[in-house]
Every structure is written in C-alpha cells, then in structure tokens.
Amino acid sequence: MGRMTGNAIKALFNYGKEVYQKHISLDDAAEKVHDESPEVAFSSAKHYIKWHGEMRNGDFLTWNSNSDLLLYYAEHIIKENGLETGKMACQSVLKFADHVNRTELAEAVHKLVDQYHLNSDERIDGDYIISQKREKNISPSVGLQYIKSFIAKK
C-alpha cells in the first residue's frame, strides 16, 4: 500500500459511517474505497472502515493502523457526534496507542482532548483513560524507545 492520502482517509471515514448505520455492507464499502483510492487495498479498507464503529464504542483493533487516520476519525467523531461519543473515540485511540507503544499518537490525542475540553466535562467518570495516560512498569527496551523518541524531538 502506498502513502494514504487525505482523500482516502475522508472516504474511509465516510464509508465507516455508512457501515455503522447499516446503509451499506462492509465488503461493498471496502470495494468502493479501493475503487476510489487504489492505494488502499481491499483488506486494509475493511480494517479502516471497521475502526469507525470500534471508536464510537470505545473499542480498538490491534492490527497496525495509520495514526493520521485515527486522529482524523477521533476529531470528526467529536464534531459530528458530540462530546460523549468523542470521549469514546479518544479512549479508543489511546487504548490502541498504549497497545502499540505510540507515545506521539497518545500525545496528539491528549491535545484533541484539551482542544475540545473533553476533560472539563463533569460527567467524565474516573475510568476514562483520556484523563491521563496510565503509568506502568515498562521494559528497558520500551524505555529506551521513549528516550530515543524524546531526544529525536529536540
């Protein structure tokens, strides 16, 4: 697969909404995305289309995923579906970022949370991951990755 374009991300998001609303089947949507954006393979289109529903429910997929696409989805879910659903979408991306150790993605999600004031809502319950990424014991190799990432930013 080539580099995913902004138009491909928009198409995947829009077809994800259609599949979520049961207006089109996942296979038909994936075929249309592949026809419109040949750089997105049919199997990848299915995966990315599924993300829309997963994010709206606060769940995540473990297969490698495009960070720009996930951030686009999260922001547009916030804008189109409101703060509560937006919180679920952000939670979903944070779960994925934690699963694959993508600190930059988690930081970008926290910026979205701040931008849309998702933490200031009194209805947030203490279980939301978006309030603060959990600290945990990390392996030396993961710690080294964090340090290298930090140094690279300087």
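The crossing of helices α1 and α3 is right-handed, a crossing being right-handed if the near helix is turned clockwise from the far one by less than a right angle, and left-handed if anticlockwise. Helix α1 spans residues 6-20 and helix α3 residues 42-56, and the two pack at an angle of about 60° with their axes 8 Å apart. Axes here are lines fitted to C-alpha atoms, for helices over the stretch in contact, and angles run from 0 to 180 degrees between N-to-C directions. That angle makes α1 oblique to α3; angles under 35 degrees count as roughly parallel, over 145 as roughly antiparallel, 65 to 115 as roughly perpendicular and the rest as oblique. The contact (heavy atoms within 4.5 Å) is made by L12, F13, Y15, G16, K17, V19 and Y20 of α1 and by A45, Y48, I49, H52, G53 and R56 of α3. By class, the residues of this contact comprise eight nonpolar, three polar and two charged, where Ala, Val, Leu, Ile, Met, Phe, Trp, Tyr, Cys and Pro count as nonpolar, Asp, Glu, Lys and Arg as charged, and the others, Gly among them, as polar.

The model is predicted, so that local features need pLDDT of at least 70 and side-chain atom pairs count only at pLDDT 80 or more, whereas totals for chains, interfaces and linings use all residues. Residues are numbered from 1 along each chain as its sequence is written, and side-chain values use heavy atoms, with hydrogens and water left out.

Seven helices and zero strands are present in the protein, giving the pattern α-α-α-α-α-α-α along the sequence. Helices (H or I, at least four residues) and strands (E, at least two) are DSSP runs, numbered from the N terminus. Of the 154 residues in the protein, 43% are buried; buried means under 20% relative accessible area, exposed over 50%, and partly exposed in between (1.4 Å probe, protein chains only). Among contacts between residues at least 6 apart in sequence, 59% join residues at least 24 apart.

Helix α1 also packs against helix α2 (residues 26-36), at an angle of about 165° and with the axes 10 Å apart. The two helices are therefore roughly antiparallel to each other, and α1 passes α2 in a right-handed crossing. In this contact, A11, L12, Y15 and V19 of α1 meet L26, A29, K32, V33 and E36 of α2. Seven of the contact residues are nonpolar, none is polar and two are charged.

Helix α3 in turn packs against α4 at an angle of about 50°, with the axes 11 Å apart. The pair is therefore oblique, and the crossing is right-handed. Residues Y48, I49, W51, H52, M55 and R56 of α3 and L69, L70, Y73, A74, I77 and N81 of α4 make the contact. This set divides into nine nonpolar, two polar and one charged.

Three aromatic pairs were identified, rings of Phe, Tyr and Trp (its six-membered ring) being paired if their centres lie within 6.5 Å, with planes under 30 degrees apart counted as stacked, over 60 as edge-to-face and the rest as tilted. F13 and Y72 form an edge-to-face pair, at 5.7 Å centre to centre and 85° between the planes. F13 lies in helix α1 and Y72 in helix α4 (residues 67-81), so this pair ties together parts that are 59 residues apart in sequence. F13 and Y73 likewise form an edge-to-face pair, at 5.2 Å centre to centre and 65° between the planes. With Y73 also in α4, this pair ties together parts that are 60 residues apart in sequence. F13 counts as buried at 0% relative accessibility, and Y73 is buried as well. F13, Y72 and Y73 form one aromatic cluster.

M88 and E54 are 34 residues apart in sequence and 9.2 Å apart in space, C-alpha to C-alpha.

Most residues other than glycine have a negative phi. N101, which is not a glycine, has a positive phi of about 55°; N101 lies in the loop between α5 and α6 (103-115) and counts as partly exposed at 30% relative accessibility. H117 likewise has a positive phi, near 55°. H117 is found in the loop between α6 and α7 (140-153) and, at 53% relative accessibility, counts as exposed.
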